[in-house]
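Colleague: Could you show me the model that we are going to discuss? I have several questions about it.

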Amino acid sequence: MLINFYLIFLILVNLDYLENRAIKKYKKGKYKEAIKIFSNQSSNKKNDEYYFYIGHSYSLTGNNSLAITFYDSAIAINKKYDLAYSERGFSNFIMGNSKKALNDLDAAININANNANYFVNRGSIKYDLGLEISACEDWKTAISLDSKVIDTNILNVNCY
């Protein structure tokens, strides 16, 4: 009985060690190394944060298609993961899927309407889609939430 407990304890400690090591690599900008470490994790430790971190690592290495797959998994586990929606939106935007990106930013804002960056990004997507007035409204909302989040010259140049 004690041996079984000890083995389970060692496995859990090793999994936490791998996850912490992967997150440290991620935070240092070593995304490919983080992906390798995350990929070696056992399936029982794969939670919404695991999927987000590995998805974001893929996104930051330019593999937005695979990043979306991992963001989908994070969102499937946690429907309220606003950052996963936002980053999936960014990946969709990079891949030329502006309408999907807009839906993702709408979802992120519905979950967390206090994040000024979400409004900046949604405004940029709307602008890309030719929705200039709505884009300007989002940018103004972003400034009202955080006056330093966007250069006001963007408003002066693009909003009338």
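**Helix packing and burial**

Colleague: At what angle do helix α2 and α3 pack?

Modeller: Helix α2 (residues 31–39) packs on α3 at an angle of about 145°, and their axes are 9 Å apart. Axes here are lines fitted to C-alpha atoms, for helices over the stretch in contact, and angles run from 0 to 180 degrees between N-to-C directions. Helices (H or I, at least four residues) and strands (E, at least two) are DSSP runs, numbered from the N terminus.

Colleague: Is this an experimental or a predicted model?

Modeller: This is a predicted model, in which local features need pLDDT of at least 70 and side-chain atom pairs count only at pLDDT 80 or more, while totals for chains, interfaces and linings use all residues. Residues are numbered from 1 along each chain as its sequence is written, and side-chain values use heavy atoms, with hydrogens and water left out.

Colleague: Back to the pair, then. Which way does α2 pass α3, and which residues make the contact?

Modeller: The crossing of α2 past α3 is left-handed, a term used if the near helix is turned anticlockwise from the far one by less than a right angle, and right-handed if clockwise. From α2, the contact involves Tyr 31, Ala 34, Ile 35, Phe 38 and Ser 39, and from α3, Tyr 50, Tyr 53, Ile 54, Ser 57, Tyr 58 and Leu 60. Contact means heavy atoms within 4.5 Å.

Colleague: How do those residues of the contact of α2 with α3 divide?

Modeller: Nine are nonpolar, two are polar and none is charged. Ala, Val, Leu, Ile, Met, Phe, Trp, Tyr, Cys and Pro count as nonpolar, Asp, Glu, Lys and Arg as charged, and the others, Gly among them, as polar.

Colleague: What about α3 on its own: how many of its residues are buried?

Modeller: α3 is mostly covered, with 11 of its 13 residues buried; buried means under 20% relative accessible area, exposed over 50%, and partly exposed in between (1.4 Å probe, protein chains only). Among the buried ones are Asp 48, Tyr 51, Phe 52 and His 56. Helix α3 covers residues 48–60 and reaches 18 Å from its first C-alpha to its last, close to the 18 Å expected at 1.5 Å a residue. The expected span of a helix is 1.5 Å times one less than its number of residues.

Colleague: And what do the buried residues of α4 pack against?

Modeller: They pack against α3 and α5. The buried residues in α4 are Asn 64, Ala 67, Ile 68, Phe 70, Tyr 71, Ala 74 and Ile 75.

Colleague: Take Ala 74. What does it touch?

Modeller: Leaving aside residues up to four places away in sequence, Ala 74 touches Asp 48, Tyr 51, Phe 52, Tyr 81 and Ala 84. Ala 74 counts as buried because its relative accessibility is 0%. Its C-alpha is 5.1 Å from that of Tyr 51, a residue 23 positions away in sequence.

Colleague: New topic. How do the axes of α5 and helix α6 cross?

Modeller: The axes of α5 and helix α6 (residues 98–111) cross at roughly 165° and come within 8 Å. That angle makes α5 roughly antiparallel to α6. Angles under 35 degrees count as roughly parallel, over 145 as roughly antiparallel, 65 to 115 as roughly perpendicular and the rest as oblique. α5 passes α6 in a left-handed crossing. Residues that meet include Asp 82, Arg 88 and Phe 93 in α5 and Lys 100, Asp 104 and Ile 111 in α6. By class, this contact of α5 with α6 has seven nonpolar, four polar and four charged residues.

Colleague: At what angle does α5 pack with helix α7?

Modeller: Helix α5 (residues 82–94) and helix α7 (residues 116–128) pack at about 30°, with axes 11 Å apart. The two are therefore roughly parallel to each other. Asp 82, Leu 83, Ser 86 and Phe 93 of α5 make the contact with Tyr 118, Asn 121, Ile 125 and Asp 128 of α7.

Colleague: Lastly, how many helices and strands are in the chain?

Modeller: The chain has nine helices and zero strands. Of its 160 residues, 41% are buried. Among contacts in the chain with a separation of 6 or more, 40% are between residues 24 or more positions apart.
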